[in-house]
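Here's a quick briefing to read with the model open beside you.

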Amino acid sequence: MVRAREISARELLEAHLDRIERLNPELNAVVTLDAEGARAAAEAADAVLAAGDEIGPLHGLPVAHKDTHQTGGMRTTWGSPLHRDTVPARDELIVSRLHSAGAIRVGKTNVPEFAAGSHTFNPVFGVTHNPYRHGLSAGGSTGGGAAALAAGLVPLAEGSDMGGSLRNPAAFCNVAGLRPSAGRVPTWPTLLGWSTLSVQGPMGRTVADVALQLSVIAGPDPRVPISLGEPGAGFAARLPERLDGLRVAWTPDLGGRVTVDPAVTAALAPSAAVFEELGAVVEEDCPDLSGADEVFSTQRAWVFDALYGEVSRRHPDQVKAAVRWNAELGAKLTGQDLSRAEKLRTRLHERVVAFFERYDVLLAPTAQVLPFPVELEYPTEIGGVPQENYLEWMRSCTVVSATGCPALSVPGGFTPDGLPVGLQVIGAPRADRLVLEAGHAFEQATQFWRRRPGL
């Protein structure tokens, strides 16, 4: 519509600013707003279009950035009181690539403190509520982005994912979130340029929106040693609506490795039949994920000590307990611990590659639980099984992170009382495009994404 000049970028922006003004006070999804800066950018975008100049793929589209991603001239707090007033001097790469593609920066979305955990609350801005039911979690750590998308506050959002931070909130809020292959979306600047556990990626209301955004944020960067050489533009190509001949594996519990709320299992039960109707061949199967838990927990602890160990020790009263705990685990690691995790991950990778020689995609629950009350820091039990720490209940995502495989959460259905459930579509290493194709076809066949929250 913007390209056809049916609506101006300024009019589109004002429609979203109006929704933010009316709905955000209850949701607390957008925590920093720059309405005047966005208006100036929208007017400039309209002038470029009127002049007939070349425009980018996201020309005139409002976008909100995760509050752990640096935005030049706009505060970035990481949800931490230590950074309440931090204003970076420059954009980081994912932000600058969206801007170069024509997107208009509206503001920042809420996160857990230092993006730790899949429930979005922090001492700076408070808690983000689920648009489908006030008082329930929007997930995390990209919870503000997922809630903003579901509520129509922005058409595009971006985030990051170490243990499910793009996938879990997408599942909780009935939107789509992709954890790309490591290096697909280069992260810069970063202190850990060779680390592959945390990735940045796109989130949208549809898989096509996710693919469009991926087309501009993916692609090589020489400053990032693990960046993949393939340009991102190909991800914008039309996605298929049939999956004839696709080989699909389905696992309701990741081979018995995770406990899943029966309500989640019931909502996802029809998914395999949908893929069969689309022409796919479906079998119940799962790769051997032995060692994935140790790989994830070891590498995450190492990353947390590297990033937050010093600040946790210097300011223990201003860093939440979960972050301190994870950093302390990292500080205790030995060289032997790290080498063991690396060996386990190598064997895991080999088994996963062999599995995807027999299948094209693997289907699994995104989240093991339904959105839970915001007063809880995390679910302490699932189906009577205790969850010992703030990561245990996220294992349906964390074990997938350990494999290095791309994974998409797509709307997978609803419980009888109207809570969203996400379906996780997992592909072979670097098979990001195939994951998007499978998720898009399922999305179009089911149309769950069209069931918007009653705000």
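**Asn28 and the overall picture**

Asn28 sits in the loop between α1 and β1 (30-33); helices here are DSSP runs of H or I with at least four residues, strands are E runs of at least two, and both are numbered from the N terminus. What you're looking at is a predicted model, where local features need pLDDT of at least 70, side-chain atom pairs count only at pLDDT 80 or more, and totals for chains, interfaces and linings use all residues. Residues are numbered from 1 along each chain as its sequence is written, and side-chain values use heavy atoms, with hydrogens and water left out.

**Positive phi**
- Asn28 has phi near 60 degrees, a positive value in a residue other than glycine.
- Asn28 counts as buried because its relative accessibility is 18% (buried is under 20% relative accessible area, exposed over 50%, partly exposed in between, with a 1.4 Å probe and protein chains only).
- Arg5 also shows a positive phi, near 60 degrees, and isn't a glycine either.
- You'll find Arg5 in the segment before α1 (9-27), and with a relative accessible area of 55% it is exposed.

**Whole chain**
- The chain carries 13 helices and 17 strands.
- For 455 residues, a compact globule would have a radius of gyration near 23 Å, and the chain's 20 Å agrees with that (taken over C-alpha atoms; the rule is 2.2 Å times the number of residues to the power 0.38).
- The C-alpha trace spans about 60 × 55 × 45 Å along its principal axes.
- Of the 455 residues, 60% are buried.
- Take the contacts between residues at least 6 apart in sequence: 76% of them join residues at least 24 apart (contact means heavy atoms within 4.5 Å).

**Cis peptide bonds**
- Gly140 and Ser141 are linked by a cis peptide bond, with omega near 5 degrees; Ser141 is in the loop between β7 (133-137) and α4 (143-150).
- Trp188 to Pro189 is cis too, with omega about 0 degrees; Pro189 is in the loop between β9 (176-179) and β10 (199-204).

**Around Thr403**
- Thr403 belongs to helix α12 (residues 395-403) and is buried, at 9% relative accessibility.
- Its side chain reaches the backbone oxygen of Val400 at 2.6 Å.
- A polar atom of the Thr403 side chain also lies 3.1 Å from the backbone nitrogen of Cys405.
- Not counting residues up to four places away in sequence, Thr403 touches Leu289, Leu348, His349 and Val352.

Definitions and conventions. A polar contact is a pair of N or O atoms within 3.5 Å; within protein, one must be able to donate a hydrogen and the other to accept it, and residues adjacent in sequence count only if both atoms are side-chain atoms.
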